[in-house]
Amino acid sequence: NRHKKAVVSLKDGETIDFTLYPSPSSGLITIEHNNSTLAENAEFQIFDLHGRLLSSGNIAQDAKTTTIDVASLSSALYYVRITNGPEIVDTLSFVRL
């Protein structure tokens, strides 16, 4: 099951798609993107339903996929905010089994 959302960047109208999978997940999630240039400063933050920041890190620019270990999280719904510099470019969600 994939969650996908296209985002329009402020750079010359170029777009970037972020995809998060699988959901539900029992251990690892992957964030995938299709534009290395626009993902240059991209970071992720994982929040619980109460808005608490649980994890954060950089999104791999050249590999186009970033794998995140979520095995230590409790079974629940989580939100992943993707930022590029000061701009929030996407918010995705996943279920941890």
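The model is predicted, with local features needing pLDDT of at least 70 and side-chain atom pairs counting only at pLDDT 80 or more, while totals for chains, interfaces and linings use all residues. Residues are numbered from 1 along each chain as its sequence is written, and side-chain values use heavy atoms, leaving out hydrogens and water.

**The whole chain**
- Of the 97 residues, 40% count as buried (under 20% relative accessible area, 1.4 Å probe, protein chains only).
- Among contacts (heavy atoms within 4.5 Å) between residues at least 6 apart in sequence, 47% join residues at least 24 apart.

**The nonpolar core**
- A nonpolar core is a set of buried Ala, Val, Leu, Ile, Met, Phe, Trp, Tyr and Cys residues joined through side-chain atoms within 4.5 Å.
- The largest one has 20 residues, and F18, I31, I46, V80, I82 and F94 touch the most other members.
- Two or more core residues come from each of β2 (15-21), β3 (28-33), β4 (42-47), β7 (76-84) and β8 (87-96).
- Leaving out residues up to four places away in sequence, F94 touches L20, S23, I29, I46, V70, L73, A76, L77, Y78 and V80.

**A look at T30**
- You can find T30 in strand β3.
- T30 is buried, with a relative accessible area of 13%.
- Setting aside neighbours within four places in sequence, T30 is in contact with T19, L20, Y21, T65, T66 and T67.

Note on methods:
Buried means under 20% relative accessible area, exposed over 50%, partly exposed in between (1.4 Å probe, protein chains only). Helices (H or I, at least four residues) and strands (E, at least two) are DSSP runs, numbered from the N terminus.
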